[in-house]
Amino acid sequence: MGKFVIRRLAQAIMVVIAATLLLFIGLFVLGDPFASTGDKVVPPETQEILREKFGLDQSLPMQYLTYLGNLFTGDLGIDFNQRREVSSMIGDALPATARLALVAIIIDVFIGVVAGIVAAIFRYSFWDVLVTILTTLAIGIPTFVIGIWLRQTVSGVWIFPGVPRSFTEVVPWYQEVLLPAFTLAIVDAAFIARLMRGSMLEVLRTDYIRTARAKGLGERTVILKHAFRNSIIPVVTYVGISIGILMGGALITETLFQYNGVGFLLVKSIGQNNNPVIMAIVTFAVLIYVLLSMVVDILYAYLDPRIRLS
Amino acid sequence: MRNKAVWLRAAAGLSVAALVLSACSQKENTGTGGNEGGEEQAKPSSGWEETPDIEIQEGKQGGTFRLGITEPTAIDPYNAQESEGILVSQQLFTGLIKVDPDGEPLPGVADKWENNEDCTEWTFDLKTGTKFHNGEEVNAEAFKRGWERVAAKKSASEVAYHLAGIEGFDQMQAGTAKALSGVDASDPAKLVVKLTEPNCEFFLRTNHPVYSPVPTTAGDPATNTAFVESPIGNGPFMMDGKWEHDRGIKLKRFDDYGAGDPAYLDTVEITITANGNQDEYAGFENGTFDWARMPVPVLSQARSTYLDQDKWITRNTNGMNYLLVMVTKKPTDSVEARKAISMAINRDEIINSIFQGSQTPATSFVPPVFEDAFQADVCDACEFNLDEAKKLAEEAGLTEGTALTMQFNVDAGHDEWMAAVKDQLETNLGLKISMTSVPFPDLLDNERQPDAAGLYRSAWGADYPTPENFLTPLLSTTAIGAGPTEPATGDNKGRYSNTKFDDLLAEAKSNPDEAERTRLYQEAEKIAIGDDLALIPLWNRTQHRLVNSEKFINARMDFNENPDLSVISVK
């Protein structure tokens, strides 16, 4: 077991190094961040001073090694545009994105699971057809359309804060997060509903459910106690992936609702060629993903000895 | 009940969204075609008229003015650069001079200024007793300190070059000097500035925020970030709390303001939006903002709503939209070819059909905002003239199928009108045009290359209120900055070079007489634009704003296209 964990850890480190290297080269190819301000050329002397300040006068391999070294010591440097600590910029944005991801997941799991179970139990009923139609619609409409629609119609009404609104208007986080979370949750909820329905139908056909029913257990107990537990497994897997994606920031939705999370920060930084911030966010997203999948793999290995040996 | 209203609104919204979507696709269908050559032309239009200048009235203290901007790079004058940063910086700081919306200089901290005979030495007499927000006195030393803070190499200011030409600047940028040798602040009420070469318009440069004075607490911007985030200046407004990144900036009136009349407004709330003018417009409509820019697609509709309500401002500002032409490369290396291309572009038609009238066609390169220097018809080739265009094209060897490249930056709203220009040139002159769109940094990089050819979308705005700031950086030989086989390092990427033009500009630079300078600029423009057509002016920079005139008076656009907060007052 120890050997497996070490091997898996080494793999994870390799993935992080490969991903950051690719990213580094990609950003370099994207062009010179200091060539111009707006329509105007920056004088060569000024460009030189800026390159020196941000370490771009070093050779590319040297820059990469410096970056890796700094990454290990937790130093993400300062950004090209406002010259703020990148770690504090991400530190400000991360809690917001985490809250958004969490609320979105809660909403989509709740809606998705309930709708899926209802559709499975009352198969071919009006409710089942309704769920099918709604999920097809939700999956078919792009998120940004849903977002724009919600922003134009629902924002500023009832408990939903207006967008845009003055920054002096204090809105508690659980209200601010609602509309972007709904926007993100709609598509996910549709997926989950379909997963849940399919897997519930499958489980309901199995022998042990028939046995449970034959024993004379109430339908409620059969569904909630026996069928539910087994049929939720694919949903849990999906939710795990979904959290990983959401933690990397919701680019369009955050920008649309003026929500200061990691996604908006990334959008802004890409527009500015703000490489240190882009590097930091993408590295972070890669790390989360690698870590999550590593934990899952180790868990599987712990549960199933066959995986350890292969 | 409430809930029901929400869902009714939602349903209504969905149908609106559907309409918008279908409208978009319709527009796409009619986007091309349209131009049937020279037979039947739309009536010449001058676009929407400018709204009249307002008379500044006596205001009263009080009120909060709210507006939206996008997150600035810096509000500290050491690195304030885009219009948003300059907006905040100019409320917090007042330099030696100020300018009115037309760019006319007015006294700031300096009461008066003089130059020696050849304009290499400038003396600014400062008002005494004016104060920073922390009570510290503003004197000559404060200016010297501010300028040196910008020029110092370790500050790595992206806009330090605005100080170029002051003696000692190059040494500070190189890191070999710690002070500006050309700035003498020994008399607290007098600032003496030596320049490395004559510049009779140096005082106009000092309107830029980098020329602001700073208090002793400012320190090094790289380490004293507290000051950078919340600068202490001498301007009509002071920070009310910290800059909340990506949220907003609050300003309050500085009651001891000494460099002019104090402001009327109690506070200014600047909300930082994520989607720029879209959010500003939406915020104006839902009552969040008192001032707004607008995205181009809504201009026409917004104007019809707000013009009659007196909430609309249109001004031609100090900028120009033009096509950069590579004048040393075929097929645009002859005057005839450039004029043929320019005359084959029907600006009025594009303005009417694509911009819905929101732009005004250019007839010059120095824009009309410079009233004295502006020459209404210096660009005779800016007029659409198909017969003449065809004739010139023939002389220039632009024949059916001659290849021409055009390039513009993607995702910036240029697709439609660039396609129209391409279409007109193909239809009218039979050119074979290959047009590409690339990310903005790539566009700028491509333009600089020695083998760059064809036409590129360009725009320019002046940093200082003088025609010189259009002519020198874009058309003078020194502004190429490199030999014919190297990438250009200045803004003259078309590589136009004409010694007569250069001489006229040099003469203007060292001529202390303003009227004479204006005449020299006009003559220079006649050569570069009238005779040589070194670039192709398209339309003036015409800007539109919404303002809440129900609550506020004196709302006007300043020289940098921002609301002139120092005079706005509640009714």
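Below are the stops, beginning with a word on the model and the numbering.

This is a predicted model: local features need pLDDT of at least 70 and side-chain atom pairs count only at pLDDT 80 or more, while totals for chains, interfaces and linings use all residues. Residues are numbered from 1 along each chain as its sequence is written, chains are lettered from A and ligands numbered from 1 in the order in which they are written, and side-chain values use heavy atoms, with hydrogens and water left out.

**Stop one: chain A**

Select chain A and colour by secondary structure. Of the 310 residues in chain A, 45% are buried (under 20% relative accessible area, with exposed being over 50% and partly exposed in between; 1.4 Å probe, protein chains only).

**Stop two: the largest core**

Now jump to B:Ile341, B:Leu425 and B:Leu475. In the largest nonpolar core, which has 69 residues, these three touch the most other members. Such a core is a set of buried Ala, Val, Leu, Ile, Met, Phe, Trp, Tyr and Cys residues joined through side-chain atoms within 4.5 Å. Centre on B:Leu475 and skip its neighbours within four places in sequence: its contacts include B:Phe365, B:Tyr496, B:Phe501 and Ile529 of chain B (contact means heavy atoms within 4.5 Å). There's a second, separate core of 41 residues too, with B:Val159, B:Met172, B:Leu180 and B:Leu191 among its members.

**Stop three: the disulfides**

Show the cysteines next. Over all chains there are 2 disulfides (pairs of cysteine sulfur atoms within 2.5 Å).

Zoom in on B:Cys119 and B:Cys200, whose sulfur atoms sit 1.9 Å apart. The torsion about their S-S bond is about 95 degrees, so this disulfide is right-handed. It links distant parts of the chain, 81 residues apart: B:Cys119 is in the loop between β4 (110–115) and β5 (121–126) of chain B, and B:Cys200 in the loop between β7 (190–194) and α5 (202–205) of chain B. Both B:Cys119 and B:Cys200 are buried.

Then select B:Cys379 and B:Cys382, with their sulfur atoms 2.0 Å apart. That link is right-handed as well, at 85 degrees about the S-S bond. B:Cys379 has 4% relative accessibility, so it counts as buried; B:Cys382, at 7%, also counts as buried.

Technical notes: Helix = DSSP H or I, 4+ residues; strand = E, 2+ residues; numbered from the N terminus.
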